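Thanks for coming. I will walk through one structure today, chain by chain and then across the place where the chains touch. Please keep the picture in view while I talk.

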Amino acid sequence: MRANDFSAPQRMSFSAFVIFFLKYLRSYTGFLFVLVLMKIFNPDNEYTFGEIIGIILSFLGGVLALATISAFLNYYFKKYYVEGGNLVFIHGVLQKEKTSIPLCKIQSLRMKRGFMYRLLDMRGVSFDTLASNTAEIELILDDKDWNMLFNQVEMQENGLEEGLEIGQDETVNNRNRRLDVRNVNLIKGAFCQNHLKGMVILAGLFVTLWNQLMSVNDKAAVYVIDYASAHIDFSSFPLIVLVSVAFILYIVMLVLWIGKVFFQYFNMDIQMDEKQLFFESGLVSRNSIRFSYDKICTVYVKRNLIERWLNCCTIMLKQALNATDEKRGADVKIYGSNEAGNFLDWWLGKNYASSNLVASASSGYGLLGYVIRYDFLLSLLATVVLCYYGLYTWIIVPVVYLLVSLAKGLSAVRQSRITLKEDYLEVSNGKFAEVKNYFKYANVEVVRIVATPFTPHFHRVNLVVSTNGTSFVMRSLKEQEAREIYEWLLCRTSRLSS
Amino acid sequence: MAHLMTNKQLTIDNIDCVENLHYTPLEGKYLKVLYVKTLFIYLAFMVLALFLLLADTFNYRYLTVVGMEGVLLIALVVNFFLLPKAFAYKGFAIREHDITYRSGLFFPSVTTIPFCKIQQVSVRQNLITRMFGLYTIDIVNGAQLLANTSIPGLAEEKANEIKVLIIESIRNEGK
């Protein structure tokens, strides 16, 4: 019987070997396919049907053998155990490597349950630390081992060495609160998010088609337009058809984007207890992440116009990042729900809303200049080009573009604000959407105040606040207010640590 | 022994504000380092511009190269005039719980790192600073932005002193 207290080095269960085998088989299949095609369609040789089957079978046999050997090496030479509060991982065939991760330093446990994993009732578990240049380690574990290991990590975090005897279910299932995020909410949230994406894709599609058309011949577009003009009277090709086609394409794009979100976040399961949060989602492949309460560095809440109208929001729980997170994205996103209050209650405390105001500062019109700077230059350039070619009517396009940009800038100025409360900070930094970032003083790592050439005249400065997972640049704040906030931040951060 | 945590009320009046701090200037020799570095950078650009002479098909290559070298020379002279001002603004200050570094000419900035957030401190030299016997202190924290703050232009003794002070402060903050 396999010992599962992790005191001695042990291999993963045999199902892990099967998963390794399937992974290798999948990665070698493409190679096999190319080889078979090269062999069969080689013009120097002509094969009968029987010979072709023989070639395919022999290649298949070779790939199966290769996958088996690779999987065996990967499975056999990988061992793990827990020693002195460290998860020790031994791996390597020719060059043995021993990696130790202090269990208390594990920032998050990310769990993957793809289709094959679910068939074999296994979980791929990745351990993330804050080390920025260390590759993550993935263990393929069954439920029993996973729960035991999870238990050990929790006990290390809690400093309960004697708690090793506690049953696994007590820990894993002891979650106080489950948030109900329905799939309908998910669709609603995705719909709110992806309107703009759908439009961008559609515009991209039109640009690509246009480029294709122009690449045929410089005058191809002119021919098409002339042809359409010549036949429009006969065919009575109505404009509404064109609009309908564009609309259908747009809807298709929107549905595809929503589908993507649906696949990723289907049946979202969020469980919270006092010290940790567990998040699981996915239609085909179930991905889950579990992290401690104190490892979240920012709670981001966004409401765009449609979300406000539908009374929902997008919530993102941001963690301190390391190299692996940057690649995969460990932030938890919750679309289409109205649970921001619950998350903030959990993270900042029940009375977070009544926390006393310490200081606050709002951005001035310097932010407007910053937001529209590129749009202004672009519009100016377009106007000059249009004037040069005598296309004066078309100047309306850059003018409208600049007006939209101005509206965006004014909206950004209206919303941009930093607020220091007794227990936390709130940074509002949306443009059209209302975005609020909440973080604690303990998460502030460094602060910077930057003056500009305009500061002597307008007495406005930029304030940079960087945490271990996010950073915020508050532009065009009143100099005095910014300096006060700067001092408060440093005082609070230092005081919390002493 | 139990560690007693103090929790006094803070008001902005009883804090030694960063704007009122007395900043320690960098070593005078660092200005020479800045001159040498700037000279090398401009020389590199000037040499690169000379490669344009190899473009035989470009009829105005001599004129363009002369123009580019002239512009670079003017920029170098202007830069040399501005360097003392930029150097004079650079400085650092250490308070009870944090370290502050001030720099910048057109966009002057003040960066403060609380000791409790510092992850790593290192002292380094490069070829130019070695010639002048100067050191740079790198202060690394866990921030996403501004993760590394460097204080250049320090004499060896001063650099080691600051390093020891920061390490001691980190230990004290951690207690």
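Let me begin with chain B, whose elements run β-α-α-β-β-β-β-α-β-β-α from the N terminus on. That comes to four helices and seven strands. Helices here are DSSP runs of H or I with at least four residues, strands are runs of E with at least two, and both are numbered from the N terminus.

Some bookkeeping before we go on. This is a predicted model, in which local features need pLDDT of at least 70 and side-chain atom pairs count only at pLDDT 80 or more, while totals for chains, interfaces and linings use all residues. Residues are numbered from 1 along each chain as its sequence is written, and chains are lettered from A and ligands numbered from 1 in the order in which they are written.

Chain B has 175 residues, of which 22% count as buried. Buried means that 20 or more other C-beta atoms, placed from the backbone, lie within 10 Å of the residue's own. Two residues are in contact if their C-beta atoms, placed from the backbone, lie within 7 Å. Of the contacts in chain B with a separation of 6 or more, 52% are between residues 24 or more positions apart.

Now the domains. For chain B, the domain assignment gives domain 1 as 32-85 and domain 2 as 91-174; such bounds come from an automatic or database assignment. The centres of these two domains of chain B, taken over C-alpha atoms, are 33 Å apart. Six residues of domain 1 of chain B are in contact with six residues of domain 2 of chain B. On the domain 1 side, α1 (29-50) and α2 (61-89) of chain B each give two or more residues, and α1(B) has the largest share, with four.

Next, a sheet that belongs to chain B. Three strands form an open antiparallel sheet in the order β5-β6-β7 of chain B. Two strands pair if DSSP finds at least two bridges between them. At the edges are β5 (118-124) and β7 (148-155) of chain B, each pairing on one side only. Between β5(B) and β6 (residues 134-141) of chain B there are six bridges, and B:V121 has B:I139 in β6(B) as its bridge partner.

Which strands make up the other open sheet, the one with seven strands? The order is β20(A)-β19(A)-β18(A)-β4(B)-β3(B)-β2(B)-β1(B), with antiparallel pairing. The edges are β20 (471-478) of chain A and β1 (24-25) of chain B; each has a single partner strand, so one side of each is left without a neighbour in the sheet.

Where the chains meet in this sheet, β18(A) and β4 (residues 109-114) of chain B pair over four bridges. There, A:I449 stands opposite B:V110 in β4(B). Within chain A, six bridges join β18 (residues 444-450) to β19 (residues 460-467).

Last, the contact between the chains as a whole: 28 residues of chain A are in contact with 26 residues of chain B. On the chain A side, β18, β19 and α15 (479-497) of chain A each supply at least two residues. The largest share, nine residues, comes from α15(A).

That is my walk through the structure. Thank you.

Technical notes. Buried ≥ 20, exposed ≤ 12 C-beta atoms within 10 Å, placed from the backbone.
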